[in-house]
Amino acid sequence: MSDLASEASIRRLLFLIDASDRSRQLLDHAQALQSAGQALEVVLLYVIEPVRCWEVLKFRSEAEVAQHFAERAGIFLQLAAARLQAAGIPCRGYCRTGDPATLLRALAEEQQCTALVIPRQTCLGLPLGLQRRLQRRPGTVPVLAL
């Protein structure tokens, strides 16, 4: 029974990872939570959006473009995981191709996350882009925009 109680106190957070400074700020947030004594696990997701731009596909095949982004995803996931693991935070990384809002919601449910954490994107105080799309999609996992 104590194992079940201790597992219930662990927060499992899903972070969207990319090459931006905002992604690094999410990792800072995880480290701050850990430093404050919060037991947590992190699920990292790198989303590859399908490239349909003819200017790109004129010079590279879809398979070549997909391979390029898969390699980049591996690098970013590896760097983020190494940083979290060095701080004593267990984590898992995933790379998926498709619509970010759909993939985030699906992985959050699949991994039984307690929160889905994304970088805040606003204009005049109103949510933009991904944040807005996630708010419109039904889901049981709350979205935190930091």
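Okay, quick ground rules. Residues count from 1 along each chain as its sequence is written, and side-chain values use heavy atoms, with hydrogens and water left out. Because the model is predicted, local features need pLDDT of at least 70 and side-chain atom pairs count only at pLDDT 80 or more, while totals for chains, interfaces and linings use all residues.

Let's start with the helices, α5 (residues 100-110) and α6 (residues 129-136). Helices here are DSSP runs of H or I, at least four residues, and strands are E runs of at least two, numbered from the N terminus. The axes, lines fitted to C-alpha atoms over the stretch in contact, come within 9 Å and cross at roughly 55°.

Who touches whom? From α5 we have P100, A101, L104 and R105, and they meet L130, R133 and L134 of α6, where contact means heavy atoms within 4.5 Å.

Now strand β1, residues 11-16. Five of its six residues are buried, so β1 is largely enclosed by the rest of the structure. Buried is under 20% relative accessible area, exposed over 50%, partly exposed in between, with a 1.4 Å probe and protein chains only. β1 runs parallel to β2 (residues 40-48), paired over six bridges; pairing takes at least two DSSP bridges. F15 sits opposite L44 of β2.

Last one: Q112, in the loop between α5 and β4 (115-118). Q112 isn't a glycine, yet its phi is positive, about 55°. Most residues other than glycine have a negative phi. Q112 is also exposed, at 61% relative accessible area.

Conventions: Axes fitted to C-alpha atoms, helices over the stretch in contact; angles between N-to-C directions.
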